[in-house]
Amino acid sequence: MNSPVPPPLGDMTPDEFRRHAHDTVEWIADYLERIRDYPVLSRVRPGEVRAATDTGPPLHPTEMETILRDFREDVLPGITHWNHPGFFAYFSISAAAPGILGEMLTAALDVNGMLWRTSPAATEMEEVSTSWLRELMGLPGTFHGHIQDTASTSTMVALAAAREATGLDVRAEGLSGRDLPALRLYCSEEAHSSVERAAITLGIGRSGTRRIAADGEFRLRPDLLAAAIEGDIRAGLRPFCVVATIGTTSTTSVDPVPEIAELCRRHGLWLHVDAAYAGAAAIVPELRHHFAGWEFADSIVVNPHKWLFVPIDCSVLLLRDPEAVRRAFTLTPEYLTTSEADAAINLMDYGPALGRRFRSLKLWMTLRYFARTGLEARIREHVRLAAGFRERVESSRGWRVAAPSPFSTVAFRYEPEGWEGNGLDSLNAEIMERVNRTGRVFLSHTRLHDRFTLRLAIGNIRTTESDVAGAWEILSQAALEARSGAPD
Ligand SMILES: Cc1ncc(COP(=O)(O)O)c(C=O)c1O
């Protein structure tokens, strides 16, 4: 029987809510259980979901059963299933059950943690959960964490603090119409585009961002960094920050952080470490060596929504001096002043946004549920699966690994004899398209040394050895077919 439409005023009745919530939880549990039955990459064409869902602004209420049915029929086909164990594209992420439960509670509580008093738990649990994560990753208590939506925002906030730390008082005076030295920011050519976007946002500009060449293993070259900084100082420019990456997006390479930190120390520059993807691996003792020197950073970003199974969005920004961020952003209109301002922090002071979701709940629940041992085991398993895949590539005729794999991502190419140059690029692109059309595996690519290169990233909590073996079979078959020009 269909439920009644909403009462004349107020929300859905508690009984109605209970019924739909139970049904929805059942649906979610089935969805996760049968996730392999869905095509990992959505098969809709552009505009299809819009056409199916845009029935015009609703003038009359719709029963919840109908809305949920339309969700299944019209919305779900337009979903690319990041939770699918065959999702190996980009950095594969997934939502584990404790975080899903956390998100449900967060939505129900609907708190805005802008001030301590607007939800003390939202403020204090952000401190608790980020300090647990810090400790699990082996970082000293001198770092203070808070949560942003994404690494892009975290990096932007860190760079704003770095800019403020120059003493140029950009906060008060702005950048325009003043005789300021031009600020210079440094990162490797392999750094994520979010670094340059932050520079654009902050008025440093693309030309203020120096992309330093990487070595043969895609790591920033400190000798070139030193030369760039020194050259810029001689030219009257103002170097202010270096972004080092632990786990670059293309290959997961690790910049030489100890050498970079020493350069930053020598020249008084802010060091920001982007460990958005790889940071979670610092929980695993035998992987900790990749993080040497990150304790010298002024700021570090790690995304629990990437490789720590927390539903997106959850990006942790760790700061040696959180006051630097507050100096950059604090601006308190009268209506937001509170009597406890001296005794408690207000999260609105930690970035451009006033309103804040209660994101720490899902992080707190995930860390408690899996705990150190559980997280360690899962990350270690992903690294093992990636090593197994890498061995298959290395030992298979015509296939070549294209970069070192310090974590759980493998960059590789198919290079059969008799093929070269652009022909090989097209062949690899064709293989990827064929693989992705199967609906069982989703791969993405990068360009290394200007060559089209396939990537397989393992990070999904539900991915097993047989999923990775299946991906290899599909790839081998696609390679045979693409090479012989077989029809799909
Ligand atoms: C190394 C690195 N940093 C930053 C980002 C940006 O992450 P977000 O989507 O959280 O902004 C990515 C995205 O994959 C990344 O790989």
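**Salt bridges**

Reply: Start with the network. In this predicted model, salt bridges link Arg 400, Arg 413, Glu 415, Asp 425, Arg 447, Asp 450 and Arg 451. The count of salt bridges comes to 38. Side chains of opposite charge can pair when their charged atoms come close.

Now some individual pairs. Arg 19 and Glu 65 form a salt bridge, with their closest N and O atoms 3.1 Å apart. This pair links distant parts of the chain. Arg 19 lies in helix α1 (residues 14–33), Glu 65 in helix α3 (residues 64–75), and 46 residues separate them. Arg 19 has 32% relative accessibility, so it counts as partly exposed. Glu 65 is also partly exposed, at 23%; the buried class requires under 20%.

Next, Glu 465 and Arg 384. Their side chains meet in a salt bridge at 2.9 Å, N to O. Again the pair links distant parts of the chain, 81 residues apart. Glu 465 belongs to helix α15 (residues 465–484), Arg 384 to helix α13 (residues 360–394). Glu 465 has a relative accessible area of 48%, so it is partly exposed. Arg 384 is partly exposed as well, at 41%.

Helix α13 also holds a local pair. The side chains of Arg 390 and Glu 394 meet in a salt bridge, 3.5 Å from N to O. The two residues are 4 apart in helix α13, so about one helical turn separates them. Glu 394 has 49% relative accessibility and therefore counts as partly exposed; exposed would need over 50%.

Technical notes
Residues numbered from 1 in each chain as written. Predicted model: local features only at pLDDT ≥ 70, side-chain atom pairs only at ≥ 80, totals over all residues. Heavy atoms only, no water. Salt bridge = Lys/Arg side-chain N within 4 Å of Asp/Glu carboxyl O. Buried < 20%, exposed > 50% of the residue type's maximum accessible area, 1.4 Å probe, protein only.
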